[in-house]
Amino acid sequence: MLDIRVIRENPAAVQERLKPRGGDHWKLIDEVLACDESRRRAETEKQALQSERKTTSKQIGMLKGKGEDTSAIEAQVRGINDRIAALDAESEAAAAKQEDLLLNIPNLPHEACPVGSDEAANPVVRVWGEKPDIAEPKDHVALYEAHGLVSIDDATRIAGSGFAVYRGKGAKLERALINFLLDTQASHGYEEVNVPHLVKRECMEGTGQLPKFEDDMYGTDAGEDGRNNLFLAPTAEVPVTNLYRDTILAEDQLPVKLVAYTPCFRREAGSAGRDNRGIIRMHQFDKVELVQVVHPDHGFEELEKLTGHAEAILQKLGLHYRTIELCTGDLGFSSAKTYDIEVWAPGQGKYLEVSSCSCFAEYQARRMKLRFKDSEGRNRFPHTLNGSGTALPRLYVALLEQCQQPDGTIRIPAALVPYFGAETIG
């Protein structure tokens, strides 16, 4: 979340940074300050009353030592105690409301973030490779049906719409891609971790999925208040980043670089239209995620490197793609700066996002109480970063569509052949 001290010191500047995101989040800053003022006023009055109570209690002792009546002064102390209790309740209520408000305010965009209202304002920062020259390209649905790689009907019988069953060589290709992704990112210095696929509510809050996006998540284990306490992980970002929640790292432990494969679960399966055809948008999908925890002096520098690690996957597979930078109005809730990597899908006639690489600055670390002790012994918040390295099944879609051959077969990229065990499908 945002630093309350920064909000206190220059609320107008914080509001101006938030306005280009769109929406009314910037208006919450005034409410945060009102709660902060109420809480601090209650704490100040409480401290004065505690001092008064201490002095009065000494007087009671002295009077009792002289055998004098102290009932009036004792009644005064009881009144002080009642007022302190009321102030405690007032302070706690203000603090709770302030915390809730801060949890609902997005991160500040990086100063150099392109300003715009939606994805139409996202600039392309680089393009790799050329669009393959394929006459009348088939889409991935026709291709996987022709080769028996994926069955939507089987999945619908099991779980309903928005799911897929990979069969035979289709399942083998999925597994080959996952292993290839993990090995490639391990070669970039990431430690592989295998994490739970269920995460606590506080973990979802820590990385910013809650409270804003709860309706998109699969929750379970509801408490007496009706709130879900466990969630199916929407992305490996949540369990992997939260490995260090409530932790103080030593400065020489930075940077932390982790990679994990997990299935991901999301209720929202996209808008109506062509994206709902095939396996482009699913309730459950596989993804290999990159997470870094770095010194705050290097966060945005490391974002460039992390984005390069994600792009390396597509380069190794020989798949044409482009990288765009998200403008202020398209930026994710917790992110300060984001690059999206979009791979070309000739059967769709458009680019598909396969990776989103972000630096969150201190935002997530502050929510998770993740700190490091610097060389001067001060506890500071590191920067957190993550990126898909990369996501399936859109990578699967692009591979089928870019690697389709005139004879109906599908060419397996050379880098993937050792994992798949064959050079073609069909």
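**Figure 1. Lys 369 and the loop that holds it.** Lys 369 is found in the loop between helix 11 (363-368) and strand 14 (371-373); helices (H or I, at least four residues) and strands (E, at least two) are DSSP runs, numbered from the N terminus. The phi angle of Lys 369 is near 60°, a positive value in a residue other than glycine. Lys 369 is partly exposed, with a relative accessible area of 45%; buried means under 20% relative accessible area, exposed over 50%, and partly exposed in between (1.4 Å probe, protein chains only). This is a predicted model, in which local features need pLDDT of at least 70, side-chain atom pairs count only at pLDDT 80 or more, and totals for chains, interfaces and linings use all residues. Residues are numbered from 1 along each chain as its sequence is written, and side-chain values use heavy atoms, with hydrogens and water left out.

**Figure 2. Asp 246, another residue with positive phi.** Asp 246 lies in the loop between helix 9 (237-241) and strand 8. Although Asp 246 is not a glycine, its phi is positive, at about 55°. Most residues other than glycine have a negative phi, and most peptide bonds are trans.

Figure 3. Leu 254 and Pro 255 are joined by a cis peptide bond, with omega about 0°. Pro 255 belongs to the loop between strand 8 (248-250) and strand 9 (256-265). The peptide bond from Leu 392 to Pro 393 is also cis, and its omega is near 10°. Pro 393 sits in the loop between strand 16 (383-391) and helix 12.

**Figure 4. The packing of helix 5 against helix 12.** The two helices pack at an angle of about 80°, with their axes 9 Å apart; axes are lines fitted to C-alpha atoms, for helices over the stretch in contact, and angles run from 0 to 180 degrees between N-to-C directions. Helix 5 is therefore roughly perpendicular to helix 12, as angles of 65 to 115 degrees are classed, while those under 35 count as roughly parallel, over 145 as roughly antiparallel and the rest as oblique. From helix 5, His 140, Leu 143 and Tyr 144 meet Val 397, Leu 400 and Glu 401 of helix 12; contact means heavy atoms within 4.5 Å. The residues of this contact divide into four nonpolar, one polar and one charged (Ala, Val, Leu, Ile, Met, Phe, Trp, Tyr, Cys and Pro count as nonpolar, Asp, Glu, Lys and Arg as charged, and the others, Gly among them, as polar).

**Figure 5. The packing of helix 3 against helix 4.** Helix 3 (residues 28-65) and helix 4 (residues 71-103) pack at an angle of about 160°, and their axes are 8 Å apart. Helix 3 is therefore roughly antiparallel to helix 4. The contact between them has 16 nonpolar, seven polar and 14 charged residues.

**Figure 6. Leu 416 in the largest nonpolar core.** This core has 50 residues; a nonpolar core is a set of buried Ala, Val, Leu, Ile, Met, Phe, Trp, Tyr and Cys residues joined through side-chain atoms within 4.5 Å. Leu 173, Leu 177, Leu 395, Tyr 396 and Leu 416 have the most contacts inside the core. Helix 7 gives the most to this core, with seven residues. Leu 416 touches Leu 173, Ala 176, Leu 177, Phe 180, Leu 317 and Leu 399, not counting residues up to four places away in sequence.
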